[in-house]
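I opened my notebook today to look around a new structure. Here is what I looked up, entry by entry.

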Amino acid sequence: MSNDTLSRRNFLRTTGLGSAGLFLGLYLPDAARAMIMTEHEALAADVYTELTAWVLIEPTGKVTLMCHRAEMGQGVYHSIAQIIAEELEVDLASVDIKFAQGNEKKYGSQLTGGSSTIRGSYKNLLKLSASARVVLTMAAAARWAVPIAECYAESGHVIHKPTGKKFHFGELVVEAAKLKAPENIALKPRSAYKLIGKPLHRKDTPMKTNGSAIFGLDKRIPGMVFAAVERNPRLRGKIKSFDDSATRKIPGVTNVIKIAMGVYEMDREGVAVVATSTWAALQGKKALKIEWDDTGFEHVNSLEIFSKQRELLKTEEGRILTTQGDPNGVITQSKDLLDVVYETPYQSHCAMEPLNCIAHHRGDTVEIWGPVQAPNWIQDYISKKMGIAFEKVIVNMTFLGGGFGRKALTDYPHEALVISKAIGLPVQVVWTREDDATQGPFRPGISYRCQGVIDGNKNISAIKFRMAGQNNDHFRSGDNGKANRSTSEGWLKPYFESIKNISFADVTFKTPIPTIFWRSVYASTNGFAYESFVNELAHKSGKDPLEFRREHLKEERTQKLLDKVAEVSGWKNKGKGFGMAVTECFGTTVAQVVKVSKSKGGKLKIDQVWAVVDCGWYVNPDIIHAQVEGAIVMGLGAATIHEITFKDGLVEQHNFYDYKMPRITDIPPIEVHIMENNEDAGGIGEPGLPPFAPALTDAIFDLTGKRIRKLPFDMASI
């Protein structure tokens, strides 16, 4: 065995795996291969027996559960396991959890977005894990030659009730894997859950606090080199020329190459510096001298962007997404029309872990490791872009240090593969914070024209919304001639029952600025405009904002939600400085109340935020609390602190010194309450964000009389 294969880390990993899995059916031609065996190689080598795509069991009884979605802080790494462990009947504390490779045939969609993991998977996961438990029980009953009804599963064992005899799952798994579970297996009622619904400590927390969790930046593979790329700062254009003489003098730099990275349907040119360390690659990048050719491309400016949006909203009716009644007729005839415009800015995702990716181009096969939100999208894009069979594009997920939608894009894995192909080596490409902030894609900046009429009963007679902003779908698949499908996102469906005349339209607006999803997608901007407008209509009608909503949101679940937020916030006996909003996002409705006041020195401050969440069936209340709190903090930053602006085609923000984040001293007390019901599960990673900004601005209006219609705004200037 060569010395370079026998590292302490590889020895411990291999001997640990060997003692646990007994290397069942595994023949190793040489010990060196054993020392560098990866987890996925171990899975393929039958160390585990697969009962379902999510449940793998070793002969010793050790259970490994697969996480098929990306973990970027939202808690699915733990929650998926908590669901499976419930019906499988294993101790959650004793199971291992591993990320699955990209495999759409096996796991279905693996896109982590739209708060879809639990709401889209929980029923299937419950059924699959219950089926695994049943076949294990069948295998035990067959061994004992007893009726299945006399057997039950508990803590990773099947137990015979009359005698107390038991087998652990590892003793049964090979036989169980050959059995077929009955078609209709009764699942536990919620009242019988031992794990689901309980505030269990997350399985990934110890790993993230002791440093053992592997994020994209931590990942290493044999023979890997490092790269940093200088890309066109104006997002479009070509390289006229570049001088790399100074770069090549930097110790560790091995190569400098011109590349093109695919961003949606276009290619963005850049110069890649390859080196033996990230530091050397970054230093080499700084030393590059590049002349860019930006002719023929619009050099955008923020003032012009929003001015153009406002002009379009004055004259364009836009593409209708949905309409009912005759809103135009009512609005045209009204002598007391409320007609206002709201504006929300471009935003960066600014995940704490900057973009990075490891790629190895091996000719007819490519492999990727890193923090990715959409392995299937990467497989599809790379397959088409580089002419490689879909199944030959292997994508391995690591932990993500935040994603918020940005890491669903395929550009940075493609860039890494382009470099790997050029140099014939595996390479890790690392983006700097400045790269991330200035290159996008961004949340689109959007303007909204909102028109509404109050009837004789002081309720909404007609309401009309028009949205002018970039359509993320157009960047991904082109203009299909239809309205942005997210134009009404965030708007509660019960409003359609009480408002007879209503319309949503998308006014087409395009710029060369690349855009993509941002936490809660369009609900983050729609929610501010639409719920702020409801608050303005409530004021115009002379009604309390909460009672005004109660009259328009008559669905029973929403009424209970309003009752709860009124109760916990003390709304009935409130003084000045209270505001509220209610939005729906990815199957979850969230009501928020914000309380503001002014100090003796006249400084505006947020005293408290109350949030009530109706997400239906849920897994872990602690994760819900954390996600809603985090979403409110992110919403606070987007509403009052940071924005992306453009001047002469260049992004003006670069890092946290000029794209500032909320500090701990800015965060008010946040109180989160969960509605208890057993309806279908909604999402939770994003829905806590949209109602915050309209609730905050309504509270400021309640205190000061100043109406805020443009974000971000400076709290100190109010």
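This is a predicted model: local features need pLDDT of at least 70, side-chain atom pairs count only at pLDDT 80 or more; totals for chains, interfaces and linings use all residues.

Entry 1: I found glutamate 89 in the loop between helix 4 (76-88) and strand 4 (96-99). Its phi is near 70°, a positive value in a residue other than glycine. I reminded myself that most residues other than glycine have a negative phi.

**Entry 2: another positive phi.** I turned to serine 155, which is not a glycine and yet has a positive phi of about 50°. Serine 155 sits in the loop between strand 5 (151-154) and strand 6 (157-160).

**Entry 3: the whole chain.** Next I stepped back. I counted 22 helices and 27 strands in the chain. The radius of gyration is 28 Å, close to the 27 Å that the globule rule gives for 718 residues, so the chain is as compact as a globular protein of that length. I read off the span of the C-alpha trace along its principal axes as about 85 × 80 × 50 Å. Of the 718 residues, 59% count as buried. The chain exposes about 29,300 Å², and carbon and sulfur atoms supply 52% of that area. I also looked at contacts with a separation of 6 or more, and 76% of them are between residues 24 or more positions apart.

**Entry 4: charges.** How far apart are the mean positions of the positive and negative charges? I have 88 positive and 82 negative charges, and their mean positions are 1 Å apart. Side chains of opposite charge can pair when their charged atoms come close. My count of salt bridges comes to 49.

Entry 5: I picked some pairs to follow by eye.

- Aspartate 204 forms a salt bridge with lysine 208, with the closest N and O atoms 2.9 Å apart. Aspartate 204 is buried at a relative accessible area of 0%, whereas lysine 208 is partly exposed at 30%.
- Lysine 385 meets aspartate 267 in a salt bridge of 2.8 Å, N to O. Lysine 385 lies in helix 13 (residues 375-386) and aspartate 267 in strand 11 (residues 266-275), so the pair ties together parts that are 118 residues apart in sequence. Lysine 385 is partly exposed at 35%, and aspartate 267 is partly exposed at 39%.
- Arginine 709 forms a salt bridge with glutamate 536, and the closest N and O atoms are 2.8 Å apart. Arginine 709 is in the segment after helix 22 (692-704) and glutamate 536 is in helix 18 (residues 523-541), so this pair ties together parts that are 173 residues apart in sequence. Arginine 709 is partly exposed at 30%, while glutamate 536 is buried at 7%.

I also noted a network of salt bridges that links Glu230, Arg231, Lys285, Glu415 and Asp435.

Entry 6: Not counting residues up to four places away in sequence, glutamate 489 touches several residues, including Ser520, Tyr522, Asn526 and Phe586.

**Entry 7: a valine in a strand.** I looked up valine 253, which lies in strand 10 (residues 253-263). At 14% relative accessibility, valine 253 counts as buried. Leaving aside neighbours within four places in sequence, its contacts include Thr247, Val273, Ala280 and Gly284. The C-alpha atoms of valine 253 and lysine 285 are separated by 9.8 Å, and these residues are 32 residues apart along the chain.

**Entry 8: cis peptide bonds.** Last, I checked some prolines. Most peptide bonds are trans. Glycine 440 and proline 441 are joined by a cis peptide bond with omega about -5°. Proline 441 is in the loop between helix 15 (433-439) and strand 19 (446-454). The peptide bond from leucine 711 to proline 712 is cis as well, with omega near -5°. I placed proline 712 in the segment after helix 22.

Methods. Residues are numbered from 1 along each chain as its sequence is written. Side-chain values use heavy atoms; hydrogens and water are left out. Contact means heavy atoms within 4.5 Å. Helices (H or I, at least four residues) and strands (E, at least two) are DSSP runs, numbered from the N terminus. The radius of gyration is taken over C-alpha atoms; the globule rule is 2.2 Å times the number of residues to the power 0.38. Buried means under 20% relative accessible area, exposed over 50%, partly exposed in between (1.4 Å probe, protein chains only). Accessible areas come from the Shrake-Rupley method with a 1.4 Å probe; for residues, only the protein chains shown count as cover. Lys and Arg count as positive and Asp and Glu as negative; His and the chain ends are not counted. The place of a charge is taken as NZ of Lys, CZ of Arg, CG of Asp or CD of Glu. A salt bridge is a side-chain nitrogen of Lys or Arg within 4 Å of a carboxyl oxygen of Asp or Glu.
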